[in-house]
Amino acid sequence: MDKRQRIDEEVKRHKHIIVCGDNINSLNIVRCLGEKGITPMAIIAGDDWLRKVAKSRYIGRVIYVRNYAEALTELLKYADTSCPPFVYSTDDTQLQLLDANYDLLKGKFFFFNAGEQGRLTRFLSKQEQNKLAEECGLRVPKYEEVARGELPRTLQYPVITKTYNSYSKGWKIDVTICYSPEELQEAYQHMVSERLLLQEYVEKVTEYDMQGICINGGESVYMPFETTFLRYTKDSFGGYMDFKPFKNKEIQDKLQRMFKAIGFSGCFEVEFLVDKNKELHFLEINLRFSAYNYGTNVGGFSLPYEWAKATLLGRIEIDKTTLRNDRYLYMNEMYDANFAKEVGYGKWIWQLLSADGYIYYNKKDIWPLLSRYIQKAQHKIKKMVRK
């Protein structure tokens, strides 16, 4: 048995547990592990009636619980100091819960952390991330922290509103662009967050993102690919992505300084905005998997597997001969269908068929997608029958 086979067998010896919601992010972590011959289990908070994760050919046991507090109780049943399970994080609410129980989990699991209890939660704050990014030499749009209802003191309009921390209920719905005090006050009427970050609105040409792995408290960082979006909305990312090998040494060094300052070990995604002058503006670090995590797998890099392997080795060893060294396209086909009319249906279908990978469709694991349509059809039929 050669060295690669030995470490592969060692990774498979451990349990792999995804504590998650029943969503596409979680499903694609299952797929990344499954294609490496690992059968993960999932502890799922909530009971989505489509049950995406449970339909995957790669999933092992699935446990449904009502919330993440119950998920933690279930997770602790698998605690093992001799062969700690790997735990994978898919959203910031769950990440914050694990961080709040760091002392309880340490030594019994391998999980995303910042080396001490409560520290990771601090850096789920947009303001804390912005401060650190500036200290590490990154350009950050001007910002102010405010209570809901407050107007900016120094910022000029337009401004974009964001939640103060990424585990708030309003992390998606409280994002809006406001061009005047009147628009901002109107937007406040529909927000759920008590505290917000107002940020200068920089018109973007695209976004520039990376996904990768950290071990040893940020001492070792690796990002295989960089991503830009070929289509997007002004206040959100898009669904048609262009992947290329990552070669930006300057950004690598600055981000590594950030990860070392946080003390982070785990998988991550970093987002930048690109303006009309091709300048990069730091947006945020997600200290967890992003929804398009399978995109790196298309290029030959399985994020969860490589993090697990590096954690056991104590260093990052990459077999670069397995990685794509050319450009490839990845599509969130459900979301990007919203652009079909704008692009032209014929052109969009051609782009769909010529993409190298998809966020939902997977020819090796087709049932989650097929069952989505079957279940929705059944649901509509039942509603019609009831009428």
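Here are some questions and answers about a predicted model, with the reasoning spelled out.

Q: Why is lysine 383 called partly exposed?
A: Its relative accessibility is 44%. Buried means under 20% and exposed means over 50%, so lysine 383, at 44%, counts as partly exposed.

Q: Where is lysine 383 found, and which residues gather with it in a patch of positive charge?
A: Lysine 383 is part of helix α15, which covers residues 367-386. On the surface, Lys376, Lys380, Lys382 and Arg386 gather with Lys383 in that patch.

Q: What makes this patch positive?
A: Lys and Arg count as positive, and the patch is made up of Lys376, Lys380, Lys382, Lys383 and Arg386. Each name there is a Lys or an Arg, so the patch is one of positive charge.

Q: How do you know that arginine 13 and glutamate 10 meet in a salt bridge?
A: Look at the distance from N to O between their side chains: 3.0 Å. The rule asks for a nitrogen of Lys or Arg within 4 Å of a carboxyl oxygen of Asp or Glu, so this pair qualifies. Both residues lie in helix α1 (residues 3-13), 3 residues apart, or about one turn of the helix.

Q: Is glutamate 10 buried or partly exposed?
A: Glutamate 10 has a relative accessible area of 26%. The cut-off for buried is under 20% and for exposed over 50%, so glutamate 10 is partly exposed.

Q: What makes the pair of arginine 288 and aspartate 92 a link between distant parts of the chain?
A: Their side chains meet in a salt bridge, at 3.0 Å from N to O. Yet the two are 196 residues apart, with arginine 288 in the loop between β13 (280-286) and α10 (294-298), and aspartate 92 in helix α4 (residues 92-100). Both arginine 288 and aspartate 92 are buried.

Q: Why are aspartate 326 and arginine 324 called partly exposed?
A: Aspartate 326 has 34% relative accessibility, and arginine 324 has a relative accessible area of 26%.

Key:
Residues numbered from 1 in each chain as written. Predicted model: local features only at pLDDT ≥ 70, side-chain atom pairs only at ≥ 80, totals over all residues. Heavy atoms only, no water. Patch = residues over 30% accessible without salt bridge, like charges linked within 9 Å, V, L, I, M, F, W, Y side chains within 5 Å. Areas by Shrake-Rupley, 256 points an atom, 1.4 Å probe, with all protein chains shown as cover. Charge placed at Lys NZ, Arg CZ, Asp CG, Glu CD. Helix = DSSP H or I, 4+ residues; strand = E, 2+ residues; numbered from the N terminus. Buried < 20%, exposed > 50% of the residue type's maximum accessible area, 1.4 Å probe, protein only.
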